[in-house]
Amino acid sequence: MTDAPKDPPDAQEDTDMRDDTTPDQPRANLVHFNPWRDFNDAAPQIDPFGDEPDPEQIASFMEVVFGYCDGLIPVRSFIDKGQGIDGRPHNIWITADETAPEKMATFANWAAREGAAVYVIPGTVAEAGQAKAVDVAQMQAVVVDIDTGDIAAKRAHLERHLGPPTMVVESGGITPEGQRKAHVWWKLTEPAEGGDIARVTRLRGDIAAKVGGDMHFRSAHQPIRVAGSVYYKNSLKTLVRIVELNARLERDLDEFAEAVTDMPPAPDVNLTPDFTTPDKPAVDEVLVTPVRAGGADDWSRFEGASAAIGYFIRLVHEGRLSKSEGWEAICGYNAAMLRPQWPVERLKRESERLWARHVERHGPPLVRLDSAAPAPDEMPTFTLGQLLDHTSPMPADLIGPRVLTPGGLLVLGGAPKVGKSDLLIAWLVHMAAGVPFLGFTPPRALRIFYLQAEIQYHYLRERMQQIGLPPDLIAAARDNLVVPPKLKMLLDAEGSARVAAAVRAAFPDDPLDILCIDPIRNLFDGGPDGGGENDNAAMMFFLKDRVEVLRDHVNPDCGVILVHHTKKLSKHQVKEDPFLALSGASALRGFYTTGLILHRPDEEASERKLEIELRNGPALKPKLVDKVKGQWVEVNPMNERLVRAEQGAKFDAERVRKQDVILALLLDEAAEGRLYTSTQFGAAFENQHGLGSQYTIRDRLSVLATKGFVKFRRDLAEHGYPATRSHFGYLCVEGMRFGRDPVVDDETGEVLAEGEPVLPTHFKCPHSGRAREVENPAVWVYPEGLDE
């Protein structure tokens with residue numbers, strides 16, 4: 001982050017000028033500075049026409065940082081990175097007196113010829129060779145290194161809250177956004193000594209934390225570049241220059257500390273200090289460790305409060321605590337751990353700022369929903385007269401007629417694989433498009449959140465893409481129906497908050513109309529006792545403390561559809577009361593406003609029956625539904641058998657079988673060169689292939705002729721068959737060919753087919769039963785309305 005060298009994690013207090021290889025006493029490889037010694041006569045390594053050290057700026061820098069100090073100034077030079085050359089570090093100690101600026105300028109000139117940077121520890125020590133944090137005896141300036149983000153905005157924030165700085169230095173580095181990195185200095189009215197040195201370093205850390213600066217300056221022995229020296233990095237040579245200087249501006253340490261405490265964090269700054277580095281305490285330790293004012297502990301009150309507030313804010317943002325619980329926890333930390341406490345006003349101000357920044361950085365909060373819907377202060381009551389006199393229009397149904405009313409609860413039940421989810425998806429698409437479905441009518445296009453918990457994403461999109469609905473219907477519904485993929489979650493307190501956040505994100509501008517949960521089993525939360533969906537108490541907890549609370553949170557007037565499974569009951573029980581089949585029926589049936597049960601009256605048939613029970617409207621007759629050509633349709637119940645339905649279905653199947661056998665026999669016999677009239681076919685195949693007597697066969701042929709499956713050919717002289725006295729002629733079916741002689745293309749020699757085609761000349765009129773001539777023998781036509 002900074003141009004200055006950083007502390008190794010395990011060497012904050014025992015390094016000498018940030019060089020792990022440097023012992024407490026200088027080694028032979030460290031050259032001690034003599035202003036009159038020529039260190040290097042070699043040619044310069046960097047562009048000789050670049051910037052050179054500026055003695056005037058060096059003198060100004062030394063006055064701001066060391067003007068009131070006594071002792072020795074630790075100075076260091078080393079080769080900056082990216083130059084392709086190596087060199088040894090050089091450490092010197094300059095006496096902090098009137099000769100210090102000249103000596104520093106001489107050292108900077110030598111370092112420039114070497115291609116080396118010049119750093120100082122912004123404090124003085126007692127003896128040469130000392131450079132540890134504990135060795136620093138005096139410090140007279142507070143500095144913050146701003147090396148990331150919007151440098152100009154951060155400088156403006158500092159000046160607005162801490163006042164104009166004494167000096168601003170552009171260190172030479174440039175951020176990825178193109179702004180110049182800066183060191184901002186405030187000179188104190190007198191040097192800090194003893195315990196005040198810790199106050200200065202804590203102020204440096206607090207300022208850096210609030211503007212996103214370099215946190216290494218919490219250490220007293222962190223070196224910094226000297227203004228007026230030369231910056232070398234990546235073949236770039238530039239002057240470390242002073243861009244703002246208010247030499248006479250000084251600050252009292254106590255007053256400045258108060259200003260730092262009151263300064264709010266800068267925008268776009270992570271306000272919680274980093275307590276995860278190896279040399280810093282963990283948040284868990286911070287939360288249980290008292291911290292006193294004045295820098296008496298390992299971290300400041302600001303650091304502790306920021307960490308605690310940030311920790312509890314994250315819990316609230318993630319939905320693990322309510323806002324009231326989070327605020328109570330913050331106040332509890334303030335009362336128990338800060339000595340003395342922060343004022344409540346300041347604690348609230350800091351918490352609100354941290355919350356706003358956290359939401360801005362991480363998005364809308366996952367606020368935990370309360371455990372129950374808010375109850376009105378007073379119970380509303382109405383007299384009979386008031387109810388009789390109130391004649392305003394009824395609220396519009398979400399799904400008419402009274403199937404789903406505003407704030408209502410609809411339960412759709414069915415056995416596994418009966419098709420309830422498929423039916424529901426088609427229903428929801430129609431409602432999202434504002435189009436009626438099976439007689440259920442929406443007032444407009446509805447906004448629907450379909451919380452399904454069975455199908456993963458890729459299979460969900462495949463299923464949606466295979467919906468057999470008209471394209472214009474799909475287009476009208478595509479933005480109004482929102483469906484998440486299968487998630488590993490329960491609709492508990494945290495899950496409810498996640499769903500509420502997802503609904504708000506899906507429909508940020510308009511309220512939700514329908515919340516659909518499919519199925520209950522996969523999302524069920526039975527409450528503290530952990531009961532299942534068959535437990536009535538657990539079901540009531542789920543309905544009241546989960547479903548209703550979630551509905552009231554997203555939109556109290558939205559309708560809820562729950563998809564539920566049914567228990568195994570006998571057909572007689574289902575017929576007597578189908579809604580007893582719902583699991584947890586005692587609780588559900590007393591709670592929902594509409595119940596729907598989808599079941600198969602006949603397991604061998606494709607039709608399903610939709611039983612309907614309404615609480616907010618007149619009773620609706622059951623619907624017989626089926627899926628035809630990919631779409632759900634309502635079947636007219638007048639067409640269904642009422643007596644001996646199972647036996648009748650078997651007879652129907654037998655008639656279809658005989659039809660298939662007869663048509664196949666006619667095709668096969670013709671291929672073998674044999675054709676029949678109706679009478680002869682019945683006589684030939686009596687009691688064969690399960691066709692029954694010749695009269696039964698002739699009756700079936702008459703039916704097939706009426707339906708257009710069988711037609712007739714009167715003239716078969718070309719095949720050696722004599723004219724027939726039959727009223728209709730020889731039997732003919734679609735695709736019939738006579739014999740197996742190959743039909744060869746004269747030009748290519750390709751075998752096109754076997755046998756000669758037998759085309760009809762007459763057909764049986766389905767109305768009069770008389771023979772009529774075929775208009776185009778090559779086109780097989782079925783009578784309108786009789787084809788199957």
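Predicted model: local features only at pLDDT ≥ 70, side-chain atom pairs only at ≥ 80, totals over all residues.
Residues are numbered from 1 along each chain as its sequence is written, and side-chain values use heavy atoms, with hydrogens and water left out.

**Aromatic pairs**

I took rings of Phe, Tyr and Trp (for Trp the six-membered ring) as paired if their centres lie within 6.5 Å, calling planes under 30 degrees apart stacked, over 60 edge-to-face and the rest tilted. The count by this rule is 12 aromatic pairs. I looked up Phe107 and Trp110, a tilted pair with 5.4 Å centre to centre and 40° between the planes. Both residues belong to helix H2 (residues 100–114), where they are 3 residues apart and so separated by about one helical turn; helices here are DSSP runs of H or I with at least four residues, strands are runs of E with at least two, and both are numbered from the N terminus. Phe107 is buried at a relative accessible area of 1%, and Trp110 is buried at 5%, where buried means under 20% relative accessible area, exposed over 50% and partly exposed in between, with a 1.4 Å probe and protein chains only.

I then turned to Tyr676 and Phe685, whose ring centres are 5.8 Å apart with the planes at 70°, so this pair is edge-to-face. Tyr676 is buried with a relative accessible area of 15%, and Phe685 also counts as buried, at 6%. Together with Phe681, Tyr676 and Phe685 form one aromatic cluster.

**Cysteines**

I searched for disulfides, taken as pairs of cysteine sulfur atoms within 2.5 Å, and the count came to 0.

I traced an open sheet of 4 strands in the order E2-E1-E3-E7, with antiparallel pairing; two strands pair if DSSP finds at least two bridges between them. Strand E2 (90–95) and strand E7 (224–225) stand at the edges with a single partner strand each, so one side of each has no neighbour in the sheet.

I followed strand E1 (residues 72–79), which is joined to E3 by 5 bridges and runs antiparallel to it, with Ile79 opposite Ala116 in E3. Strand E3 (residues 116–120) is joined to E7 by 2 bridges, again antiparallel: Tyr119 stands opposite Arg225, and Val120 has Ile224 as its bridge partner.

Which residues cover the two faces of E3? I found Ala116, Val118 and Val120 on one side and Ala117 and Tyr119 on the other, all buried. Since 5 of the 5 residues of E3 are buried, this strand is largely enclosed by the rest of the structure.
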